[in-house]
Amino acid sequence: MSIEEKQNSLTSQDSDSIEYPLNEKEVSSFIKKFYKSNFPVELIGTGSKKKIGKPLQCAKTLSLSKLNGIVEYLPEELYIKVKAATPIQKIEEELKKNKQQLAFEPIDFGNLLNGKSDYGTAAGQVACNISGPRRFKVGSVRDHLLGFRGVNGRGEIIKSGGVVVKNVTGYDLSKLMCGSYGTLAALTEVTFKVLPAPDAGNTLIIHNQKIETALYFLDKAISSSNDVSGAIFLPKEQDVTGFKMNIENTFKLNDLKQDGSITAIRVEGSKKSIEQRMKNLVNELKISNHNISILESLQSEIFWTKVKNLDFFLSTNNSIIRIVIPPSECVNLVYQMSNKFRYYLDWGGALMWMEAFELSEEMFESIRKKVVRLGGYVTMIKNSDYLPFVEDVFTINSDRFNISQNIKKSFDPKRILNPGKMYTGI
Amino acid sequence: MPKVDRKLISKKAEIVASLKKILKAENILDHEDQTRPFETDALSAYKQKPLVVVFPENTQEVSKILSYCNQSRIKVVPRGAGTGLSGGSLPLEDSILLCLGKFNKIINIDFKNRCVVAQPGVTNLSITKAVEDHGFYYAPDPSSQIACSIGGNVAENSGGVHSLKYGTTTNNILGVEVVFMDGTISRLGGKTFDSEGYDLLGLITGSEGLLCVITEVTVKILKKPQTVKAALIGFSSIEDGGNCVSEIIASGIIPAGMEMMDKALIHATDDFVKAGYPRDAESMLIVELDGSESEVDELIEKVNSIAKKNKSTSIKISKNDKQRLKFWAGRKAAFPACGDMAPDYYCMDGTIPRGKLALVLKEIARLSKKYNLPVANAFHAGDGNLHPLIMYDANEKNSLERTEKFGADILKYCVKVGGVLTGEHGVGVEKRELMCEMFNNNDIQQQIKIKKALDASSLLNPGKVYPILRKCAEEGRIHVHRGKTKFPDIPRF
């Protein structure tokens, strides 16, 4: 932020600085005004994921919460077009009526970050691009955003994409919107691809495995023809003071034995097909003699909702870190961790969620170095009381930083939209 | 096309000498006889020989070439296998054509991370060939997959017949190595899912060679499904076929592939490969389902009853893989079959919401009469991607111009009913002037600003995708023919 911008920011923080535009046109006029007067602006929906990224010091806040409502939902065309701040829950309820879903499994970060369930808004999901356990099979938010309308940092209304899955007309700006944390445009309308919801979903659980064998099973299951849609490993933790992550307390399911670590594999589809694929899995993994159990539909659903929404960490004041790495490097990383960390693995080992006790910035950077060396990246999802601020929340290298800075300028030349939210200087 | 820089052309010898410092002499083609084979891609109606053709052998050479061209203000047109259908790698008279043909190796097959790292010149099909003995495959399968390169697939975001269930290129790649116009080499993505910061991988996928040159691609591979079966269904009207498609999707089935053909194409392809198609049908569907055996059987049964409900006139279910592939043989021969029917054909590529199919086909039939040109229609019904094949005779006076107008009218209608100009072939030079049908000035200017952010002097593949005249966006469509415009001096993007 320039000195002038900072001064503006300080002056205006005294005044009533939240604006609630009622429609796209108003979003555009507000941003045009801010552009002219060099007022940096923070964009928010419900604020469910506001704590991810660096805290902003902005003169103005633009709440998009009034842009709420389903614009068009055509189940047979497999898309839903909604105004930006339409709550995800409202969208999911509507889709449910037609046995459809947002296949990327939106995550409820509300509990973890604010102590209250909140799936946030459509635009919020797009801005953060963080997807649930099904990601390795169906893709993330980026793979489900067909098109959008929004307002760039000059206040101009722009659009890209459409309502169809096959579209190569012009650059795919929808991809750029995903994971841009509101730094490129204020979204006003988004169109998601929707998919049929499976009739049922069962979960095969292999108990008490070490990480090496667990990862072997997960890899084998994902690399099979059994169309696996969830693959996690929840290690059995030692009782160490300071940690909140607790698998046993999280799951109180009748059919779930509490017997060491949990290696869980989800299969979804019609009942008959699930039955066949479960049988195949047990045969192909050669685990008929292992300690296994199966969670049927309802319990399976509860299980995966808890996994997806990070319920293990809910009452923690420790730092929560998200690590994405090539699955083959996962074990390597776990070996390098001290007892200051608790973790579980999702996406068959390609995603690691980590709770870190008394994490210092140096320790965080040292994890980042290790992960980057292994070909992955690290995000600080929740700061702790111990470490309330980190300089680099997200991972980037200098090449990509330079390109990103140019891209940012092309949308928002004066850096007024969520400046610094992702990276200093962007 | 952009104004030709005659001064630059006069310096050809100097340019070739500079290139010889970067590349082996045998990798530089500068004689007219050598450059002629590169004067067109698969949109052969447009031809233009480049100044020089170069074949770099590694990323460093690509970087040096681009850096030299950037400093010397020389335009560069990248080219993969040259199978593009929208003129995306059509050379410019004053450009260097940068061919990735020597980047033809698979670098790494990584089953642990379920991905393959390949150089961009590797063909789409050879990736599947390299992993199929382990039961894996690469999902996007454009019909040119035997020849088209994976780098070209990324540049065009190619699709294929399985896009509804398995996505297009953008959903099936994990990372790329690219070189920007200033010579910077960058890695975007890797072997992980998604990447942090702006999704630059997503941005360059489908950017038609305007933002960077791709020098390496990491693709996701999938395990082959246990069972694949296909149903061949005939209907006595287009409407019935269209309704059947909508009902299959609405019932919660996502077929691996769903293809529709009209009567003209049923006959053309059946004559060509004797696929056993229902010749009396007005429209025909191929519905392919994959998954576990019990699942596929269940779905085939469902499709069967939906088809009957929608007045199907014939249904055949594939009994084995041989028969299934025969069902597909006709569809896959759609282009050569049309080539058999007329001296020339022009393949269009719009996407529409599935439900608008009957409406759009009716309009195409009306336009066919208006322009007096026969047309056959192939439709990726699963994902709404329509390929009308307009047949004409290039030797007839004005026939190409008429064909292009006919094609443009079809695409405009696709946009009018809520669809888009191009589903998988790209905008290239072909649909450039139609961009204003879909985007307004703000939209186009934002895209051009991104172009400038990554290629400040607009030297990489200029003249493609965006309308040449900036005014076009403000004033609606202006037809620019062979570069003859009223305002040649207005700055180009």
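This is a predicted model: local features need pLDDT of at least 70, side-chain atom pairs count only at pLDDT 80 or more; totals for chains, interfaces and linings use all residues.
Along the principal axes, the C-alpha atoms of chain A fill a box of roughly 70 × 50 × 35 Å. Among contacts in chain A with a separation of 6 or more, 75% are between residues 24 or more positions apart.

The domain assignment divides chain A as follows.

| Domain of chain A | Residues |
|---|---|
| domain 1 | 1-197 + 396-426 |
| domain 2 | 200-312 |
| domain 3 | 316-382 |

The centres of domain 2 and domain 3 of chain A, taken over C-alpha atoms, are separated by 21 Å. Their contact takes 19 residues from domain 2 and 17 residues from domain 3. On the domain 2 side, α8 (211-222) and β12 (228-234) of chain A each supply at least two residues. The largest share of that side, six residues, comes from α8(A). By class, the domain 2 side has 14 nonpolar, one polar and four charged residues.

In chain B, helix α10 spans residues 263-273, and its buried residues are Leu265(B), Ile266(B), Ala268(B) and Thr269(B). An α-helix has 3.6 residues a turn, so residues three or four places apart point the same way. The cover over the buried residues of α10(B) includes the strands β13 (257-262), β14 (283-291) and β18 (375-380) of chain B, together with the helices α12 (321-332) and α13 (334-341). Lys274(B) follows α10(B) and has a positive phi, near 50°.

Terms used. Residues are numbered from 1 along each chain as its sequence is written. Chains are lettered from A and ligands numbered from 1 in the order in which they are written. Two residues are in contact if their C-beta atoms, placed from the backbone, lie within 7 Å. A residue is buried if 20 or more other C-beta atoms lie within 10 Å of its own, exposed if 12 or fewer, and partly exposed in between; C-beta atoms are placed from the backbone. Helices (H or I, at least four residues) and strands (E, at least two) are DSSP runs, numbered from the N terminus. Domain bounds come from an automatic or database domain assignment. Ala, Val, Leu, Ile, Met, Phe, Trp, Tyr, Cys and Pro count as nonpolar, Asp, Glu, Lys and Arg as charged, and the others, Gly among them, as polar.
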